[in-house]
Amino acid sequence: MLIRKNNQISFLIMLILVLNTTLVAQEQKLTFKIKSNPTDSDYWWLEKNNFGIKPANFDFRGSWKLKTSKTTYVINILAQDDSEKIYLNESFIKYNFSDKTFLRMGRYYRDFSNYLNDNLSSGHMLISHNARPMPKIGLVTSKNIEKFNKLTFEGGIAHGFFEKENYYTKAPLLHEKFIYMHIKNNNYRISLGLVHEAMWGGAYSDGDGYDGRTFSHSFKDFLKIFTAGDGFDSHEGSHQNALGNHVAIWDFIFEKTNNERLTKFYYQHIFEDTSGLRFKNRFDGLWGLELINYIPKTNLLIEYLVTSNQFRNPNHFEKLYYYHYHYKLGWSYNNYILGNPYIKLPVPEDYPNWPLEKVDVIHFGINGEILSNYYEIKFGRRTSISDSFQYQISIGKEINNNFNIGLFIANDNKKIGTGLVISRSF
């Protein structure tokens with residue numbers, strides 16, 4: 001959602017009205033941030049996982065959060081010096097029916113894989129912070145098993161909306177659901193989850209030599225999407241493909257606490273059909289390890305991303321992750337990958353002669369605090385090709401209560417850029 005200048009006054013009035021509810025607030029926080037960015041090159045970590053917004057010379061960010069006994073309100077806005085637009089980032093209303101069930105509505109990222117450190121990670125396989133958050137509404141609940149008090153089930157379902165963009169004449173819809181099983185015992189927890197995302201409905205144009213098509217979005221179609229049921233197109237006359245564009249993960253998590261230390265090990269196994277569901281693409285996906293407080297006040301994260309098996313056995317298992325024949329913008333939103341940014345998509349004009357790119361990435365992240373100084377370092381490189389490390393190093397200091405100033409450097413291969421961040425919280 002973009003709010004243009006002629007709508008800014010009404011937006012600010014709405015914001016002030018919401019702020020007036022603070023009389024019943026239990027918790028409130030308001031933050032303003034000004035950030036200067038180098039814009040003379042494509043600095044990887046300034047644009048990737050940056051909420052789907054290309055950095056300008058100056059970014060202004062405002063965030064507000066209000067939490068009452070049952071409801072949480074979040075508003076995040078961003079304005080840039082070279083644009084007449086205000087971007088509405090992750091902004092939502094979350095209502096808790098109980099301590100186990102809630103409804104969330106607005107622009108937000110995800111209610112699953114809550115273990116993932118989005119500040120340090122290379123990016124979730126399905127929903128990272130690389131693109132802007134999509135508008136959606138979702139319901140999440142959990143259930144403890146009385147006879148097995150160490151066992152908990154958690155699940156959720158959401159309905160969302162893509163945008164028309166350049167290729168779609170009618171915006172596709174989003175279907176999202178997940179279920180997790182958690183086993184907690186003393187100082188460890190083991191979790192197994194299944195997360196399913198699907199694009200469906202919408203329409204695309206017949207430009208650039210492609211046949212235009214409109215997909216229905218009836219309740220019958222939704223049931224097919226929900227179950228990943230067959231659609232109406234056969235592949236080489238053999239078997240019907242599933243209706244819509246599906247992408248999913250098996251989500252494996254192991255967490256162990258030892259006093260103040262926490263160890264997280266996770267694996268997100270990506271798949272797009274039943275062959276990947278059965279691990280025919282072997283162990284493609286994101287592997288990660290995070291160590292918290294092994295060094296006091298420090299988080300250390302290591303990840304390995306691999307997609308080398310997506311074309312392991314052509315004619316039997318032949319996939320290009322995030323891509324789809326009909327939804328040729330693939331698993332993206334506003335021209336940004338929704339999942340891990342290291343995985344690229346061909347543009348529609350490249351089909352069917354897209355370049356096959358197998359991705360192997362090693363990624364590191366670390367942040368912490370030393371003598372009231374905050375620091376964060378992210379760096380990674382592709383190991384499947386000759387590549388250099390892409391990094392970003394940030395340092396900051398709290399000058400007085402809730403006033404912070406920081407510096408950062410980022411690289412684009414051999415080029416290095418610097419920037420400044422100033423923030424104030426109330």
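Student: Which residues in the largest nonpolar core touch the most other members?
Tutor: Met125, Phe162, Leu305, Tyr322, Trp331 and Leu338, out of 45 residues in that core. A nonpolar core here is a set of buried Ala, Val, Leu, Ile, Met, Phe, Trp, Tyr and Cys residues joined through side-chain atoms within 4.5 Å. Buried means under 20% relative accessible area, exposed over 50%, and partly exposed in between, with a 1.4 Å probe and protein chains only.
Student: Before we go on, what am I looking at?
Tutor: It is a predicted model: local features need pLDDT of at least 70, side-chain atom pairs count only at pLDDT 80 or more, and totals for chains, interfaces and linings use all residues. Numbering runs from 1 along each chain as its sequence is written, and side-chain values use heavy atoms, leaving out hydrogens and water.
Student: Back to Leu338. What does Leu338 touch?
Tutor: Leaving aside residues up to four places away in sequence, its contacts include Leu126, Ile127, Met134, Phe162 and Trp331. Contact means heavy atoms within 4.5 Å.
Student: What other core is there?
Tutor: Another core of six residues lies apart from that one, with Trp64, Leu66, Ile77 and Leu88 among them.
Student: Switching to rings. How many aromatic pairs are there?
Tutor: A search of the whole structure gives 29. Rings of Phe, Tyr and Trp (its six-membered ring) pair if their centres lie within 6.5 Å; planes under 30 degrees apart are stacked, over 60 edge-to-face, the rest tilted.
Student: Why is the pair of Trp45 and Tyr342 edge-to-face?
Tutor: Their planes stand at 75°, with the centres 6.2 Å apart, so the pair is edge-to-face. Trp45 sits in helix H2 (residues 44-47). Helices (H or I, at least four residues) and strands (E, at least two) are DSSP runs, numbered from the N terminus.
Student: Are Trp45 and Tyr342 buried or exposed?
Tutor: Trp45 and Tyr342 are both buried.
Student: And what about Tyr204 and Phe215?
Tutor: That pair is tilted, because the planes are at 40°, with ring centres 6.1 Å apart. Tyr204 and Phe215 are both buried.
Student: What stands opposite Tyr204?
Tutor: Arg213 in E14. E13 and E14 pair in the antiparallel sense over two bridges. Two strands pair if DSSP finds at least two bridges between them.
Student: Which strands make up that open sheet?
Tutor: Three strands, in the order E10-E13-E14, with antiparallel pairing. Strand E10 (168-170) and E14 are at the edges, each with a single partner strand, so one side of each has no neighbour in the sheet.
Student: Last topic, Glu290. Where is Glu290?
Tutor: Glu290 is in strand E19 (residues 285-292). Glu290 is buried, at a relative accessible area of 1%.
Student: Which side chains make polar contacts with Glu290?
Tutor: The side chain of Asn117 does, at 3.0 Å. So does the side chain of Asn299, at 3.2 Å. A polar contact is a pair of N or O atoms within 3.5 Å; within protein, one must be able to donate a hydrogen and the other to accept it, and residues adjacent in sequence count only if both atoms are side-chain atoms.
Student: How far apart are Glu290 and Glu303?
Tutor: They are 8.6 Å apart in space, C-alpha to C-alpha, and 13 residues apart in sequence.
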